[in-house]
Amino acid sequence: MLRKNPSFRNNPFYVPQSLQYLVRKFSLWSMKKEPDLESALSRNRRWVVNNQIKNIILRCPDRVAPVKFLQKKFKTLDLQGKALNWLKKYPCCFDVYLEGDEYYCRLTKRMMFLVEEEEAVKDMQEPVFVERLGKLLMMSSNHRLNVVKLNEIKRNFGFPDDYLIRIVPKYSDMFRVVNYSGRRSSMEIELASWNPGFAVSAIEAAARKQGSEPCFSCSLPSSWVKSWERSRKFNSTPYISPYLEIRGLMEGSMEMEKRTVGLVHELLSLTLWKKASILKLGHFRREFGLPEKLNVLLLKHPGIFYVSNKYQIYTVLLREGYKGSELIDKDPLVVAKENFGELMQDGLHEYNRRRHLLNLEKKKKDIVLRGLEKNKTRSSEMSDNDDGGVKLGGLFDPEERKRFYKVLFDDAVP
């Protein structure tokens with residue numbers, strides 16, 4: 001049995017085995033940071049929070065929410081501080097008013113206009129939502145998806161909150177709600193009929209337009225020589241559609257990997273921002289036949305996917321969906337949501353401008369008050385000197401001077 005040389009511990013480059021394991025484990029998540037894509041992954045937390053507040057207010061009676069009620073919801077939004085102060089920061093979005101002894105909040109007219117605009121876009125996009133939902137069900141192994149799980153990612157695909165009521169019953173020829181176990185959490189949406197027109201992936205559609213064979217693009221600089229070589233090798237085998245059955249594919253085979261990469265590519269293509277949380281995708285491991293270590297598979301294909309842990313949330317982004325930090329094809333719903341973000345920023349600028357003016361006014365008042373206080377102090381000191389000054393004696397005293405001259409010129413004095 002070999003003994004470890006204790007001198008290794010004195011080596012400044014010595015790393016304990018336990019730490020080596022952790023380094024290897026976390027290196028699986030590492031990817032060279034790209035500023036443009038990192039910027040694209042920047043989630044405006046204020047936008048997310050205000051969007052949730054907007055949805056809460058819309059669900060309240062008469063679309064008016066007591067600020068006390070919103071304060072209780074702040075915990076679920078992972079916010080601290082007073083709700084009233086937060087709402088006042090966005091005067092273009094939220095109208096806060098006092099009624100009796102209680103504050104209430106409603107959406108401003110400009111905000112309501114954007115809400116109506118977004119609803120109009122959702123109505124217009126209904127056929128698109130039907131196609132997206134159909135594609136998701138067609139890619140799943142049993143052509144069924146759990147409603148609870150689907151609700152976690154519905155906003156990624158732009159589905160309205162009431163899609164179960166708005167879309168599913170209206171298209172009963174394509175979808176139906178089932179519950180084979182009887183438990184509420186087991187409710188599922190099932191595909192009622194297969195639509196061959198939906199079974200065309202984004203890669204196949206692009207290849208048809210170009211008149212070429214379907215293959216994955218590599219969006220990497222030419223200096224990434226090894227990654228380009230692996231990409232060419234990966235594309236040398238035929239493309240496998242994510243809408244094909246996986247029963248004939250062996251786990252761990254190149255064909256299975258090709259089908260899985262194609263499925264994740266198609267899922268991201270269907271999202272509004274061409275990105276998704278890896279953790280949430282992992283919740284559908286059984287339904288979509290995803291590997292247990294999905295992150296390892298994604299990092300093997302840096303030309304197709306970009307993986308980041310920004311905000312400690314592991315996210316995968318579809319490279320070909322972006323040019324620099326900008327989304328190439330913006331869904332109409334994305335444009336509507338960006339308008340809300342601009343309105344929110346306008347409100348924040350207005351709030352900051354008002355605070356700046358108030359601070360300037362306060363500083364001016366402080367300067368004037370300090371000046372008055374100095375003048376008052378100076379006048380008080382001068383008054384004290386006049387009233388309580390030092391009295392000089394000797395020849396400067398009139399009486400003393402009179403006695404001095406009398407003694408000096410008195411003839412009687414010898």
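A nonpolar core, as I use the term today, is a set of buried Ala, Val, Leu, Ile, Met, Phe, Trp, Tyr and Cys residues joined through side-chain atoms within 4.5 Å, where buried means under 20% relative accessible area with a 1.4 Å probe and protein chains only. Please keep in mind that this is a predicted model, in which local features need pLDDT of at least 70 and side-chain atom pairs count only at pLDDT 80 or more, while totals for chains, interfaces and linings use all residues. Residues are numbered from 1 along each chain as its sequence is written, and side-chain values use heavy atoms, with hydrogens and water left out.

The largest nonpolar core has 59 residues, and those with the most contacts inside it are L136, F175, F288 and F305. Helix α7, residues 126–139, gives the most to this core, with seven residues; helices here are DSSP runs of H or I, at least four residues long, numbered from the N terminus.

Let me turn to how α7 packs. The axes of α7 and helix α12, residues 254–270, come within 11 Å and cross at roughly 165°, the axes being lines fitted to C-alpha atoms over the stretch in contact, with angles from 0 to 180 degrees between N-to-C directions. That makes α7 roughly antiparallel to α12, a label for angles over 145 degrees. The contact, meaning heavy atoms within 4.5 Å, is made by R132, K135, L136 and M139 of α7 and by R259, L263, E266, L267 and L270 of α12.

Key:
Buried < 20%, exposed > 50% of the residue type's maximum accessible area, 1.4 Å probe, protein only. Helix = DSSP H or I, 4+ residues; strand = E, 2+ residues; numbered from the N terminus. Parallel < 35°, antiparallel > 145°, perpendicular 65-115°, else oblique.
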